Amino acid sequence: MTRAIARLIALLALGVTPAAALAAGGDEAGANLPAIITFGIFIAITLGVTWWAARRTHTTADFYAAGGGITGRQNGLAIAGDYMSAASFLGISALIFADGYDGLIYSTGFLVGWPIILFLLAERLRNLGRYTFADAAAFRFGQAPVRLSSTFSSLTVILFYLIAQMVGAGQLIHLLFGIPYAYAVGSVGLAMTIYVLFGGMIATTWVQIIKAVLLLGCATFMSSAVLYHVGFSFDALFRQAVSAKGAIARAGGASDTAAARSALAILAPGGFIKGPASAISLGMALMFGTAGLPHVLMRFFTVPDARTARTSVLWATGWIGYFYLLTFVIGFGAIILVGENPTFFDPATGAMRGGTNMVAIHLAEAVGGDVFMGFVSAVAFATILAVVSGLTLSGASTISHDLYASVLCKGKPDPAAELRLSRLTVLVLAVLGVALGIAFEKQNVAFMVSLAFAVAASSNFPALLLSMLWQDCTTRGVAWGSAIGALAAVVLTVLSPAIWVAQLGAATAIFPLASPTLISMPLGFLAIWLISRADRSARAALDRAGYLAQRVRSETGVGAATARHH
């Protein structure tokens with residue numbers, strides 16, 4: 001009875017109605033009581049943060065950018081919290097568990113994009129923009145074409161990214177509470193809506209900071225426990241992982257020779273990423289896509305000046321780099337401590353409970369028991385919640401600020417109407433996120449995020465970089481080139497094995513690479529360059545003439561504070 005009451009309270013905290021909870025049914029044996037209690041406490045704390053933030057969110061500047069009052073250290077932690085998503089914690093560990101070495105391309109790829117942001121974008125972006133990256137990209141250009149193009153690419157990135165987070169969250173809640181996956185995803189969508197709708201960027205920032213601190217602590221403990229288990233020897237870690245992988249293969253019916261081959265494969269490339277072209281393409285997406293993620297770029301407008309924006313990146317890079325080192329240990333540790341433990345697998349099917357995306361959660365239970373599993377589950381949920389909050393806020397600002405305020409109202413919107421439209425967009429994105437999360441239930445969350453990175457690298461990054469650094473760039477070039485890059489990335493993704501084969505059931509993929517970036521990113525740059533060079537319109541002359549003023553503003557920040565307050 002106590003277990004049922006605790007489960008119902010936690011479900012209500014997530015927003016599941018009593019009727020839905022009863023309809024969900026589920027196996028009470030699948031509900032982990034200590035985990036649920038810990039989870040409920042965390043939800044209550046973050047709801048308190050949202051209530052506190054809602055009392056301080058009155059204007060569009062508060063809703064979009066927390067009033068520009070976040071410090072560099074705080075924003076660095078918030079960026080780290082925004083970036084260390086379900087793909088990082090759940091997805092990368094699952095990939096390393098399944099494929100070993102190949103999973104590391106995500107760890108390194110997600111990290112190496114940050115020097116690009118630090119040296120090329122952060123300071124210039126903060127000096128040129130107010131709320132979104134399109135403010136900087138459209139600074140000297142015709143507003144309507146550039147913002148329409150950026151809206152298309154940004155929403156595409158946001159939806160791909162949102163799918164991954166909703167899948168991870170749904171599988172987590174399904175595993176923890178034992179409720180059907182669809183109810184789990186719906187619960188997450190409702191909780192996310194509450195956080196963003198009422199708290200805006202202030203609540204999102206503090207949830208991200210809290211989550212970053214807790215996630216770093218959890219990952220440190222889990223890695224330390226794994227290393228303690230192997231005597232703090234990386235050689236022993238790899239040897240035991242290979243041995244465990246071989247035992248798993250033999251238990252599945254493989255011959256000794258096949259099992260040995262399968263075991264050694266986790267220490268070599270080629271298990272998940274097939275061929276050098278696919279590896280290069282995926283690496284390009286992860287490296288350059290970081291510099292085009294709208295919800296990450298939006299964080300640079302929450303600080304008071306460009307110097308603080310640069311400080312934010314330094315702090316974020318340090319924390320993110322440390323975290324990705326830990327995912328390496330967590331993934332190989334899971335092979336040892338989870339892979340051979342039958343309690344983490346369904347005896348009827350032999351499949352891992354909750355799917356392989358939940359391997360990090362199972363490892364938490366293996367090293368710390370039910371209570372630590374509950375704590376890690378709560379932190380993983382906060383991880384997802386922080387990211388989807390940032391994503392929906394970015395999507396809302398794209399619609400209300402870039403389209404409504406800057407294009408339809410020509411820069412003179414009614415602030416109250418703009419804020420209402422932002423909140424309506426949050427609701428629409430929540431519904432879309434739930435629907436897509438259900439549709440893509442079986443996809444690896446790290447891989448889904450890589451598709452979002454591919455679109456960002458092919459559209460947002462070329463548009464932003466060339467608009468700020470190339471004098472001959474024009475409105476037509478940015479608008480059409482960005483759209484071509486985004487469209488190429490989306491079309492090639494649909495034709496790739498991830499969608500054409502895995503989702504649509506075709507025998508072979510039309511486009512052979514898992515990631516389209518090797519083709520779509522150069523195409524985005526080339527389209528902007530060719531169209532801009534061929535542009536001889538009167539608008540193009542104004543675009544080129546405005547470069548000097550933009551360069552001075554981006555490098556010095558002169559006029560940035562005044563523009564921000566209007």
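A crossing counts as right-handed when the near helix is turned clockwise from the far one by less than a right angle, and as left-handed when the turn is anticlockwise. Helices here are DSSP runs (H or I, at least four residues), numbered from the N terminus. This is a predicted model, where local features need pLDDT of at least 70 and side-chain atom pairs count only at pLDDT 80 or more, while totals for chains, interfaces and linings use all residues. Residue numbers start from 1 along each chain as its sequence is written, and side-chain values use heavy atoms, with hydrogens and water left out.

**View 1. Helix 11 crossing helix 12.** The crossing between helix 11 and helix 12 is right-handed. Helix 11 spans residues 234-251 and helix 12 spans residues 256-264; their axes come within 8 Å and cross at roughly 140°. Axes are lines fitted to C-alpha atoms, for helices over the stretch in contact, and angles run from 0 to 180 degrees between N-to-C directions. The two helices are therefore oblique to each other; angles under 35 degrees count as roughly parallel, over 145 as roughly antiparallel, 65 to 115 as roughly perpendicular, and the rest as oblique. On the helix 11 side, the contact (heavy atoms within 4.5 Å) is made by Val242, Lys245, Gly246, Ala249 and Arg250. Helix 12 brings Asp256, Ala259, Ser262, Ala263 and Leu264. Sorted by class, that gives 5 nonpolar, 2 polar and 3 charged residues. For the sorting, Ala, Val, Leu, Ile, Met, Phe, Trp, Tyr, Cys and Pro are nonpolar, Asp, Glu, Lys and Arg are charged, and the others, Gly among them, are polar.

**View 2. Helix 9 packed along helix 19.** Here helix 9 (residues 143-177) and helix 19 (residues 475-494) pack at about 25°, with axes 8 Å apart. That angle makes helix 9 roughly parallel to helix 19. The crossing is left-handed this time. From helix 9, the contact uses Pro145, Val146, Ser149, Phe152, Ser153, Thr156 and Phe160. Helix 19 answers with Thr475, Val478, Ala479, Ser482, Ala483, Ala486, Leu487, Val490 and Thr493. The class count is 10 nonpolar, 6 polar and no charged residues.

**View 3. Phe141 in its loop.** Phe141 sits in the loop between helix 8 (133-137) and helix 9. Phe141 is buried, at a relative accessible area of 3%; buried means under 20%, exposed over 50%, and partly exposed in between (1.4 Å probe, protein chains only). Leaving out residues up to four places away in sequence, Phe141 touches Val146, Ser467, Cys473, Thr474, Thr475, Val478, Arg539 and Asp543.

**View 4. Arg147 paired with Asp135.** Arg147 and Asp135 form a salt bridge, with the closest N and O atoms 2.9 Å apart. The term means a side-chain nitrogen of Lys or Arg within 4 Å of a carboxyl oxygen of Asp or Glu; searching the whole structure turns up 10 of them. Arg147 belongs to helix 9 and Asp135 to helix 8, so the pair ties together parts that are 12 residues apart in sequence. Arg147 is buried at 5% relative accessible area, and Asp135 is buried at 6%.

**View 5. Arg239 and Asp235 within helix 11.** Another salt bridge joins these two side chains, at 2.9 Å from N to O. Both are in helix 11, 4 residues apart, which puts about one helical turn between Arg239 and Asp235. Arg239 counts as exposed at 58% relative accessibility, whereas Asp235 counts as partly exposed at 44%.

**View 6. Arg476 reaching Asp535.** In this salt bridge, the closest N and O atoms of Arg476 and Asp535 are 3.5 Å apart. Arg476 is in helix 19 and Asp535 in the loop between helix 21 (517-534) and helix 22 (538-545), so to speak a link between distant parts of the chain, 59 residues apart. Arg476 is partly exposed, with 46% relative accessible area, but Asp535 counts as buried at 3%.

**View 7. Asn75 in helix 5.** Asn75 lies in helix 5, residues 72-83, and counts as buried at 0% relative accessibility. Not counting residues up to four places away in sequence, Asn75 touches Ile70, Arg299, Thr302, Val303 and Ser312.

**View 8. Phe232 with a positive phi.** Phe232 is in the loop between helix 10 (181-229) and helix 11. The phi angle of Phe232 is near 55°, a positive value in a residue other than glycine. Phe232 is exposed, at 53% relative accessible area.
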